[in-house]
Amino acid sequence: MRLSWNEVRVRAATFADEWSSAVRETSETQSFYNAFFRVFGVERRSVARYEEHVAKLGNSSGFIDLFWPGVLIVEQKSAGRDLGKAYGQAGEYFDALKERDRPRYILVSDFQTFELHDLDERTEVRFSLKDLPAHVEHFGFILGVQKRAFRDQDPANIKAAELAGRLHDALYAANYRGHDLERFLVRIMFCLFADDTGIFEPRDIFLEFIETRTSEDGADLGPWLRQVFEVLNSPEDERSPLLDEDLARFPYVNGDLFREYLRTPSFNAAMREALLDVCRFDWSNISPAIFGALFQSVMEPEQRRAQGAHYTTEKNILKVIEPLFMDDLRAEFERLKSRKDSRRRADLRRFQEKLGRLRFFDPACGCGNFLIIAYRELRLLEIEVIRELRTAAARLGQEELDVATLSLIDVDQFYGIEIGEFPARIAETAMWMMDHIMNNRLSLEFGQTYARIPLETSPHTWHGRGTSAGD
């Protein structure tokens with residue numbers, strides 16, 4: 001069974017740490033790449049071989065450091081060597097190969113830097129060993145997953161807002177309006193984020209489902225989306241054994257996000273294409289905090305002026321929350337961190353428990369920007385605390401901490417009131433998104449997979465009628 005991308009990223013973080021001091025081509029290359037392929041759950045010897053002899057032009061010959069026929073050439077160098085020359089050498093090997101064996105990818109590396117060339121797409125990506133977890137999907141071919149050439153890598157918030165606005169306008173023009181439209185868009189936004197950040201595994205299954213299972217005229221898109229939402233609200237052990245296999249790939253999400261019945265919108269070809277456009281955009285680089293701006297893009301101008309909706313920048317949010325509480329919490333942690341006495345570890349644990357008991361309230365939360373950034377900053381502080389606790393445990397010769405029980409901070413510590421239901425729902429959903437991002441951060445930090453899917457807790461966001469989005 002193929003590893004999830006979340007698991008691959010965790011393994012990549014461990015690999016990067018273990019091989020951070022590798023420098024010598026002759027003595028370390030083979031062990032390095034045996035371990036590298038295991039990051040992806042693949043045994044190197046099952047797909048590739050070392051020191052493949054190649055007869056080059058001009059009666060000369062050489063040896064490919066690692067060769068996967070039809071897929072990959074690796075030219076490995078010692079730390080600090082010229083990777084440009086290494087790529088030229090790999091190119092000579094490529095030219096000398098038979099047509100059927102020529103690979104799509106060439107990887108050159110000096111252990112501390114990777115440079116991957118996609119010869120079909122004529123693209124190149126370069127990154128350091130320590131950044132491997134953030135780039136593992138460039139090696140999707142190891143798992144049999146080819147990179148999508150058309151994926152939009154532009155993280156511009158304006159573009160994301162534009163795409164969301166077009167989808168809203170298309171639905172609104174088709175008389176799909178009010179509460180159903182707002183709730184429907186929140187669900188779509190969650191799916192877009194989930195598709196690009198590892199909540200859905202493998203990535204892009206939502207996009208692929210719409211592309212491959214719905215008709216081009218859009219006639220069956222609404223009913224298919226209704227079924228997707230129903231599946232996301234259904235525990236795996238309660239699903240029918242006859243459930244469509246593509247639908248069964250979606251996880252149980254819960255969190256009340258998909259529970260409520262909504263009218264099913266009708267689509268045409270243009271509306272289906274509008275949905276595909278937002279799906280093809282890369283949402284992984286859009287911070288959940290920017291969902292406030294996305295909310296603005298789909299509101300009617302009259303409604304926006306009447307309610308005074310606006311987007312507060314992250315910089316301005318930090319200007320408020322840092323002196324309000326974060327500066328004091330960080331100072332308290334630094335005092336504990338600098339102590340040398342025997343009670344230091346117990347007091348660090350009590351400090352973490354304190355973080356898990358704090359409550360945060362925004363009486364005019366809008367789309368939750370203050371709550372989202374506050375949650376992120378609190379989780380980042382907690383990661384520093386956990387790191388200190390782990391170091392203290394290691395010094396005492398105790399077992400590694402279990403990441404499944406590490407984080408004590410959760411979204412239900414956060415409360416907000418907002419006059420409109422749509423922004424309140426956006427705030428709730430964006431908090432779950434930020435929670436997932438921070439869980440991934442925790443996983444990479446400690447080399448274990450940590451996730452909170454299905455959603456078992458909810459932020460407490462009330463809208464004007466006194467109804468909680470988490471109830």
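1. A residue is called buried here when its relative accessible area is under 20%, exposed when over 50%, and partly exposed in between, with a 1.4 Å probe and protein chains only. The model is predicted, so that local features need pLDDT of at least 70 and side-chain atom pairs count only at pLDDT 80 or more, whereas totals for chains, interfaces and linings use all residues. Residues are numbered from 1 along each chain as its sequence is written, and side-chain values use heavy atoms, with hydrogens and water left out.

2. Strand S4 (residues 105-109) is mostly covered, 5 of its 5 residues being buried; strands (E, at least two residues) and helices (H or I, at least four) are DSSP runs numbered from the N terminus. Tyr105, Leu107 and Ser109 are buried on one side of S4, and Ile106 and Val108 on the other.

3. Strand S3 (residues 72-76) runs parallel to S4 and is joined to S4 by 5 bridges, where pairing requires that DSSP finds at least two bridges between the strands. Glutamate 75 has valine 108 in S4 as its bridge partner.

4. Helices H14 (residues 369-395) and H15 (residues 421-446) pack at an angle of about 20°, with axes 10 Å apart. Angles under 35 degrees count as roughly parallel, and H14 and H15 are therefore roughly parallel to each other.

5. Residues of H14 including Leu371, Tyr375 and Arg379 belong to the contact (heavy atoms within 4.5 Å) with H15.

6. Serine 458 lies in the loop between H15 and strand S9 (460-462) and is buried, with a relative accessible area of 14%. Serine 458 and valine 411 are 47 residues apart in sequence and 5.9 Å apart in space, C-alpha to C-alpha.

Technical notes: Axes fitted to C-alpha atoms, helices over the stretch in contact; angles between N-to-C directions. Parallel < 35°, antiparallel > 145°, perpendicular 65-115°, else oblique.
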